[in-house]
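Please look over the sequence and the 3D structure first.

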Amino acid sequence: MASTQTIDTTQSMPPWKDFAHTGPGALAGRYLRLFWQPVCRSADLVAGRAVPLKILSEDFTLYRGEENPHPSPLPEGEGTAPLSTQHSALNTAAAHALAFRCAHRGTQLSTGWVEGDDLRCFYHGWKYDGSGQCIEQPAEPEPFCQRIRIRSYPIQEYLGLIFVYFGDGEPPPLPRYPEFENDDEIRENTVYVSWPCNFFNRIENAPDSVHVTFAHFQIGQKIPLMDARETDYGVETRSSYPNGEVEVDHFHMPNLSQFQIGVRGPDETQGRDRLAWRVPVDDGHHMSFIVSQIHVSGAAAERYRERQRNRPQPDETVVPALGEAVLAGEKHILDLLEHPNVVQVEDYVTLVAQGVIPDRQADHLGRSDVGVIEVRRLWEREMRALAEGRPLKEWVRPDHLEGRG
Ligand code: FES
Ligand SMILES: [Fe+2]
């Protein structure tokens with residue numbers, strides 16, 4: 001990893017130019033905390049289990065209540081369906097996000113026991129409900145639960161992902177993406193495990209279609225002419241190719257990219273629309289939470305699902321391992337062209353190699369970087385407004401966005 005280290009120059013710049021540091025005290029951290037962030041795939045949070053969570057350089061506890069903690073005393077046929085069908089769907093129990101530590105003596109709450117919709121500490125059994133209120137102190141002759149409350153965070157599940165609001169006060173409404181809501185179509189959720197570079201490396205990759213020509217050379221894409229403009233939701237980037245095709249990508253402030261892969265068609269093997277959130281784990285790592293929607297249903301959807309059933313489960317550690325091998329000179333991209341994840345490995349190589357926290361002041365941006373320039377301009381403008389206590393732009397998304405013009 002030594003080859004990818006860079007000097008952190010963000011200390012010497014005005015805080016609104018520092019997009020990289022997103023801990024609770026940093027300006028970019030304050031800004032990101034004004035928006036809901038995805039933290040986990042819904043399917044990965046098992047009912048009755050708690051897990052530790054690290055996001056934005058802070059630790060939290062995520063848990064899901066038990067699926068069916070209190071079976072109905074009524075026998076079958078007396079006003080209730082059989083239990084197996086009542087709760088046949090996965091993850092109908094509520095998810096909760098709490099502080100990382102127990103208020104008693106600070107152990108890690110994710111090691112505890114989920115009981116019904118509550119969480120009991122592993123160390124001395126204090127119990128908390130989903131709001132963070134302590135409701136039991138089993139060893140205390142005179143419990144003082146009412147005085148003990150740990151922080152809890154607003155949480156919602158949508159499009160197969162769990163979103164948490166880490167800011168103070170009332171959260172804004174969770175943004176909706178209606179083109180991705182049709183449950184009859186194929187929706188897939190992908191999570192890229194933590195990559196060892198700052199989230200903004202990844203943010204700047206999306207409005208940069210030129211990299212596809214070079215970093216994904218095997219696709220055979222010609223060099224596009226780039227254009228970018230501010231919109232109500234963020235930045236629209238247009239990439240115009242020599243054959244007349246125009247690709248339109250959408251960057252939603254502050255950390256979501258929307259784009260299309262392939263071209264939409266009647267066939268399940270063709271295009272898909274994608275939402276990709278880039279979320280800091282800490283300042284040196286980020287994760288990607290991706291929703292892909294293939295707009296086919298019925299027989300075409302069934303064909304697709306059948307093919308997926310016969311495929312091996314993707315191993316999310318493969319991309320970082322191959323990427324590191326390329327960076328270390330042990331492999332070359334040319335050795336990997338047949339690999340199903342070669343595109344992600346190529347992105348990993350370019351982004352991690354920029355440095356954990358790149359010195360953006362040292363960049364030499366040109367006309368083809370207009371998308372990157374526009375994203376940086378909006379981030380800087382909004383962060384400066386936040387720092388100076390001025391109103392921020394309220395980003396609004398239209399009901400429908402097309403990926404191509
Ligand atoms: S540390 Fe949690 S109950 Fe003691
Ligand atoms: Fe890429």
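Is His 216 buried or exposed? His 216 has a relative accessible area of 4%, so it is buried, a word used for values under 20%, with exposed meaning over 50% and partly exposed in between (1.4 Å probe, protein chains only). His 211 also counts as buried, at 16% relative accessibility.

This is a predicted model, in which local features need pLDDT of at least 70 and side-chain atom pairs count only at pLDDT 80 or more, while totals for chains, interfaces and linings use all residues. Residues are numbered from 1 along each chain as its sequence is written, chains are lettered from A and ligands numbered from 1 in the order in which they are written, and side-chain values use heavy atoms, without hydrogens and water.

Elsewhere, 7 strands form an open sheet with antiparallel pairing, in the order 12-18-17-16-15-14-13. Strands (E, at least two residues) are DSSP runs numbered from the N terminus, and two of them pair if DSSP finds at least two bridges between them. The edge strands, strand 12 (186-195) and strand 13 (225-230), each pair on one side only. Within the sheet, 6 bridges join strand 16 (residues 256-261) to the antiparallel strand 17 (residues 272-282); Gln 260 has Asp 273 in strand 17 as its bridge partner.

Note on methods
Helix = DSSP H or I, 4+ residues; strand = E, 2+ residues; numbered from the N terminus.
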